[in-house]
Every structure is written in structure tokens, then in C-alpha cells.
Amino acid sequence: VGVVTVDDQYGEDGLREMAAADDRNEFSVPVTARVNASGESAEGAAAAMLAYQPENLGQDASLQQQQQPPQGEQQRGPDAVAIWAYPEQASAVAIALREGGYEGSLYLDAVAADRQFLVGAGGAALAGASMIFTKTLVIDEVIATSPAVAARKNWFSDYSAQFGTYHAFSSFGADAVQLLVEAVNQAGGTDRELLRSVIEVT
């Protein structure tokens with residue numbers, strides 16, 4: 001698994017998390033790269049991933065031969081790339097990887113979630129990528145089996161219709177506003193101490 005992280009503290013934390021996962025699981029992190037906050041170094045990060053050639057250490061010659069790509073094709077990069085970056089940088093790296101011919105799996109941290117998963121070149125490059133996020137990100141593909149899911153689908157549709165796209169973290173903002181409104185209604189006013197008490201038991 002190759003890892004691309006943004007060049008700040010968040011990226012450093014992500015690299016440590018991936019290194020810890022490397023220790024706990026049966027995979028390795030043989031190649032890493034950084035992308036700056038503006039995303040201008042996305043092509044360089046992608047090039048570092050694409051330049052990596054997997055090593056078949058500890059395998060016999062017959063198994064190595066079986067795993068070689070067909071003649072005329074060249075396996076490029078690690079089996080998967082984890083992108084630990086903000087939406088713009090994650091999208092830029094994914095686009096650069098796909099344009100460079102990378103066909104492996106892409107994994108993203110939840111912070112990368114935003115509208116680029118749905119539209120444009122970013123959406124195409126990230127097709128099939130995996131990430132951990134709330135179901136709202138794909139709620140248009142979910143069957144409404146309860147009033148809560150139906151309400152979430154309606155909210156998603158209304159938001160997308162009004163703003164032309166879906167911003168992933170808007171769901172959390174909507175939840176926060178709803179929580180405050182319900183607290184004010186229950187408290188019967190905006191007294192800070194009373195509101196705090198209501199929110200804490202909600």
C-alpha cells in the first residue's frame with residue numbers, strides 16, 4: 001500500500017496511523033509521498049507511486065512468473081494507494097494517478113469527502129474508490145426502509161437541488177443546526193446553561 005499525505009500535521013497523523021496499521025496487519029507501506037496544501041505537487045506524488053515496482057520477496061520463481069503482467073503490459077505502482085488529504089488535494093492526486101495509468105485501488109480518509117466524488121474529472125478518477133463516511137454520501141442509492149432514511153433522502157435531494165451539488169460535510173452542519181433548534185424548543189428559550197443541559201441529554 002502506497003500512502004500519499006498532505007504536507008501538514010493532519011498528514012503527519014495520517015502517516016503515523018498507516019504505519020501503525022502496517023504493524024497490526026499483513027500489509028506493508030513501502031512507498032510514501034507528500035502533496036502540498038495547494039495540490040500543485042499532486043503529479044509528483046502520483047509519479048512517486050507509479051515509479052514503485054513491487055518486489056516478490058520470499059516467493060519461488062514459478063509463483064513470480066504467474067504473477068507477472070501480460071507481455072507488453074507493466075504493473076505500475078503498489079496494489080493500493082491510501083490518500084490522506086483534503087478534498088482538493090485528494091482529487092488532484094487521484095486524477096494524476098489515473099491519468100498516469102494507475103489501475104489499483106484507492107482508499108481515502110473521511111476528510112477527503114466532498115462534491116468531487118460526484119462530478120467532473122475528480123468523480124471519474126475516484127469511481128470505485130473506498131472511504132469511511134456516513135451513508136448520506138450515497139443516500140441516493142439507498143432504499144428508504146424507514147422514516148429516518150426517507151427523511152435523509154429528501155434532505156439530500158433538496159440540498160442538491162438548491163446548491164447544484166452535494167457537499168459531504170454539510171450533513172454534519174445540518175445535524176448541528178437541528179440539534180440546536182430542538183434544544184431551543186425544549187428549553188423554551190436561549191438560556192445558555194439550560195441549553196447546555198438539554199443538549200447534553202439529547
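## Strand pairing around β1

Strands β1 and β2 pair in the parallel sense over 5 bridges; pairing requires that DSSP finds at least two bridges between two strands. The model is predicted: local features need pLDDT of at least 70, side-chain atom pairs count only at pLDDT 80 or more, and totals for chains, interfaces and linings use all residues. Residues are numbered from 1 along each chain as its sequence is written, and side-chain values use heavy atoms, with hydrogens and water left out.

β1 is largely enclosed by the rest of the structure, because 5 of its 5 residues are buried. Buried means under 20% relative accessible area, exposed over 50%, and partly exposed in between (1.4 Å probe, protein chains only). Gly2, Val4 and Val6 point one way from β1, while Val3 and Thr5 point the other way. In β2, Val31, Ala33 and Val35 form a covered face, and Thr32 and Arg34 an uncovered one.

## Overall make-up

The protein chain contains 8 helices and 5 strands. These are DSSP runs numbered from the N terminus, helices being H or I with at least four residues and strands E with at least two. Their order from the N terminus is β-α-β-α-α-β-α-β-α-β-α-α-α.

Of the 202 residues in the protein chain, 32% are buried. Contact means heavy atoms within 4.5 Å. Among contacts between residues at least 6 apart in sequence, 55% join residues at least 24 apart.

## Nonpolar cores

A nonpolar core is a set of buried Ala, Val, Leu, Ile, Met, Phe, Trp, Tyr and Cys residues joined through side-chain atoms within 4.5 Å. The largest has 29 residues, and Val4, Val81, Ile83, Leu97 and Leu106 have the most contacts inside it. Two or more residues come from each of β1, α1 (9-24), β2, α2, β3, α4 and β4. A second, separate core of 10 residues includes Val142, Val149, Tyr159 and Ala168.

Isoleucine 83 lies in β3 and is buried, with a relative accessible area of 1%. Leaving aside neighbours within four places in sequence, its contacts include Val4, Val93, Leu97 and Leu106. By the same rule, valine 81 is in contact with residues including Gly2, Val4, Met49, Leu97 and Leu106.

## Helix α4

Helix α4 (residues 87-99) has 13 residues and reaches 18 Å from its first C-alpha to its last, close to the 18 Å expected at 1.5 Å a residue. The expected span is 1.5 Å times one less than the number of residues. Its buried residues are Pro87, Gln89, Ala90, Ser91, Val93, Ala94, Ala96 and Leu97. The cover over them includes β1 (2-6), β2 (31-35), α2 (42-51), β3 (80-84), β4 (105-108) and α5 (120-125). Glycine 101 follows α4 and has a positive phi, near 95°.

## Serine 171

Serine 171 lies in helix α7 (residues 170-187) and counts as buried at 8% relative accessibility. Beyond its neighbours within four places in sequence, serine 171 is in contact with Thr136, Trp155 and Tyr166.
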